[in-house]
Amino acid sequence: MNNTERHARLANLFLSAWNTHDVEQVVACYTPDVVYRDPNTRGEVTGADAMRRYLSKLFDGWRMHWALRAAPFALADEDGTAVLWRASFQRPGGSATVEVDGMDLVLLDGDLIKRNEVYFDRAAILPLMAS
């Protein structure tokens, strides 16, 4: 399997885990010393225990679903990839849904993620945060 196929397989596994909203299934995608950042974090989330706390709070407040938009783009000098995705966001019990396009920058250690930086326009979900 070449790197493009491997990265696509891992991206699909990763997004599928996030779609379960199961904290332990998502944490299992990461190294114990993971460094994670997204527009909702205030700085980096470092380590599996911090990731568990962040995900518990995130999954309590949001219903989200991610889908791969394009084949992952391998990085030239490191085992990693850029993943383009489309996500839908909804508040639990709410009916309004917002779709957002974004990107993850993912650095790998074997088949686990050691660094994950998430990029999307957070302003798109602000109407859901007010409700």
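**Note on the predicted model: contacts, charge pairs and core**

1. Threonine 81 is buried, its relative accessible area being 4% (buried means under 20% relative accessible area, exposed over 50%, partly exposed in between; 1.4 Å probe, protein chains only). The model under review is predicted: local features need pLDDT of at least 70 and side-chain atom pairs count only at pLDDT 80 or more, while totals for chains, interfaces and linings use all residues. Residues are numbered from 1 along each chain as its sequence is written, and side-chain values use heavy atoms, with hydrogens and water left out.

2. Threonine 81 belongs to strand S5 (helices, H or I with at least four residues, and strands, E with at least two, are DSSP runs numbered from the N terminus). When residues up to four places away in sequence are not counted, threonine 81 touches His7, Pro72, Phe73, Ala74, Leu75, Asp104, Leu105 and Val106 (heavy atoms within 4.5 Å).

3. A search of the whole structure gives 11 aromatic pairs (ring centres of Phe, Tyr and Trp, the last by its six-membered ring, within 6.5 Å; planes under 30 degrees apart count as stacked, over 60 as edge-to-face, the rest as tilted). One of them joins phenylalanine 14 to tryptophan 18 in an edge-to-face arrangement, at 6.2 Å centre to centre and 70° between the planes. Because these two residues are four apart in helix H1 (residues 3-20), about one helical turn separates them. Phenylalanine 14 is buried at 6% relative accessible area, and tryptophan 18 is buried at 4%.

4. Tryptophan 62 and phenylalanine 89 also form an edge-to-face pair, with 6.1 Å between centres and 90° between planes. Why does this pair tie together parts that are 27 residues apart in sequence? Tryptophan 62 lies in the loop between helix H3 (48-61) and strand S3 (63-68), whereas phenylalanine 89 lies in strand S5 (residues 80-90). Tryptophan 62 is buried, with 9% relative accessible area, and phenylalanine 89 is likewise buried, at 4%.

5. The structure holds 10 salt bridges (a side-chain nitrogen of Lys or Arg within 4 Å of a carboxyl oxygen of Asp or Glu). In one of them, aspartate 79 pairs with arginine 6, the closest N and O atoms being 3.0 Å apart. Aspartate 79 is in the loop between strand S4 (73-74) and S5 and arginine 6 is in helix H1, so the bridge ties together parts 73 residues apart in sequence. Aspartate 79 is partly exposed at 25% relative accessibility; arginine 6, at 14%, counts as buried.

6. Arginine 9 and aspartate 111 form another salt bridge, at 3.3 Å from N to O. Because arginine 9 sits in helix H1 and aspartate 111 in the loop between strand S6 (97-109) and strand S7 (112-120), this pair ties together parts 102 residues apart in sequence. Arginine 9 is partly exposed at 34%, as is aspartate 111 at 42%.

7. Glutamate 24 and arginine 52 are joined by a salt bridge whose closest N and O atoms are 2.7 Å apart. This pair links distant parts of the chain, glutamate 24 being in helix H2 (residues 23-27) and arginine 52 in helix H3, 28 residues apart. Glutamate 24 is partly exposed at 45% relative accessibility, and arginine 52 is partly exposed at 27%. Through shared partners, salt bridges join Arg6, Arg9, Asp79 and Asp111 into one network.

8. Which residues have the most contacts inside the largest nonpolar core? They are Trp18, Tyr30, Met51, Leu55 and Phe89, in a core of 35 residues (buried Ala, Val, Leu, Ile, Met, Phe, Trp, Tyr and Cys joined through side-chain atoms within 4.5 Å). The elements H1, H2, strand S1 (30-37), H3, S3, S5, S6 and S7 give two or more residues each to this core, and H3 supplies its largest share, seven residues. Methionine 51 touches Trp18, Val27, Tyr30, Val34, Tyr36 and Val45, with residues up to four places away in sequence not counted.
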